[in-house]
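I opened a new notebook page for this protein.

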Amino acid sequence: MHDIRSIRDNPAGFDAALARRGLPSMAPDLLAMDEARRARILAAETAAAAQNAATKEVGAAKARGDEAEFNRLRALVADKKAEIARLTDEAGAEDARLRDALSRIPNLPLDEVPTGRDAANNVEIRRWGTPRPLDFAPKEHFDIPAVKPGMDFETAAKLSGSRFVVLKGAVIRVHRALAQFMLDTHIDEHGLTETWTPVLVKEEAMFGTNNLPKFAEDSYQTTNGWWLIPTAEVTLTNTVAGDILDEAALPIRMTAHTQCFRSEAGSAGKDTTGMLRQHQFEKVEMVTICTPESALAEHERMTRCAEAILEKLGLPYRTIVLCTGDMGFGSQKTHDMEVWLPGQNTYREISSVSTCGQFQARRMNARYRAPGGKPDFVATLNGSGLAVGRCLIAVLENGQQADGSVDLPAVLHPYLGGKTRIAADGTLA
């Protein structure tokens, strides 16, 4: 959510930042709504002052027996009362209209974010690892012989429809091992606090992390008003909603492994084969709550946490900074990590790490107080550490062998009872 005072102070700067996102000028309309709201508030205050003055005079007119003046003043008080109620209602309506408009406008990109229209304008900032040379034609994850017995799309379609999968046997054990490995690394090496949260949340929680109102079609709502979370960013970030934190308690660094649910609205025809884009999936999420001044340093730190997981798994990846036209709605700056998938012969997104500044905190009214200072909004950050299903795909494709088996990363062996591979028949070996 944007601060209307900042827009008043620098409307040209606000519109210039929106233009970098490819959006039209909005400041004039927002300021017109703001002026209409403020005018009604001022008129209501003026009417209240007149009402108070007339109220004081009513008694005096009664005392001196001036019945005509008494009746005039009493009518004036009644008229002003009705006028105040009307103006207050109108101010409330204008305020709601302004807040709704502000809630639908994306965050402003930081100056350092590259300007561009789409993914073609993203900028690679580093690369790690070299794709393994193969003397055979690599397969996509769902076609690897070792994987086929444990990845069942037909049964999932019978149960739930398209974009679902049933995992079993060795494949689900590797999936579970990956999630456990990610959590242990983030907790033991990166200093994040493991947190378990609900996957059903109230509407205000979805609003707080800018999933509502603009992106309602991207998520699922239950018949009694709960929403299924698209990511644990929603719950972890909202743990501080409405709070005033002591500065000494910051930063708060959390991680959670949850089920996630997305309708994938607008993705018809994209990644329809395999389990790259599913309605239900698992993710290990990272969230940081910190002071605005430390947010960029935290962004770099969180990016390294995600990169470390990929490096420990031996998965080649590249890190890119998203341009203004490709970054998410609530982000000021985003790093994406893209992992090498030999079956597709390309890099695909596996983590997105964003700093949101105070954008989400205003929506949640999440603040902190420095010693002797006034409350100010916290900064929030979120990132995948990592998407478990996509990481599974990368492990399977990068570990595939010519005989149809899959060699597994050494860091997973302790989580698999010492087993090191999935044999071509789909069993752990």
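**Entry 1**

I looked for cavities and found 1 cavity of 30 Å³ or more. A cavity here is a set of points on a 1 Å grid over the protein atoms alone, where a 1.4 Å probe fits but cannot get out. This is a predicted model, where local features need pLDDT of at least 70, side-chain atom pairs count only at pLDDT 80 or more, and totals for chains, interfaces and linings use all residues. Residues are numbered from 1 along each chain as its sequence is written, and side-chain values use heavy atoms, with hydrogens and water left out.

I noted about 50 Å³ of space in the largest cavity. A volume is the space filled by probe spheres set on the points, which are joined across faces, edges and corners.

Which residues line the largest cavity? I listed Leu192, Arg253, Met286, Thr288, Glu298, Arg301, Met302 and Cys305. Lining residues have an atom within 4 Å of a point. Strand E10 (280-290) and helix H9 (295-312) each give two or more residues to this lining. H9 gives the most, with 4 residues. Helices (H or I, at least four residues) and strands (E, at least two) are DSSP runs, numbered from the N terminus.

**Entry 2**

Next I traced an open sheet of 3 strands, in the order E8-E14-E15, with mixed pairing. Strands E8 (244-246) and E15 (376-377) are at the edges with a single partner strand each, so one side of each has no neighbour in the sheet. Two strands pair if DSSP finds at least two bridges between them. E14 (residues 367-369) pairs with E15 in the antiparallel sense over 2 bridges. There I saw Arg367 opposite Phe377 in E15.

Definitions and conventions. 1 Å grid on protein atoms, 1.4 Å probe; cavity = no way out; pocket = protein on both sides within 12 Å on 5 of 7 lines; lining within 4 Å.
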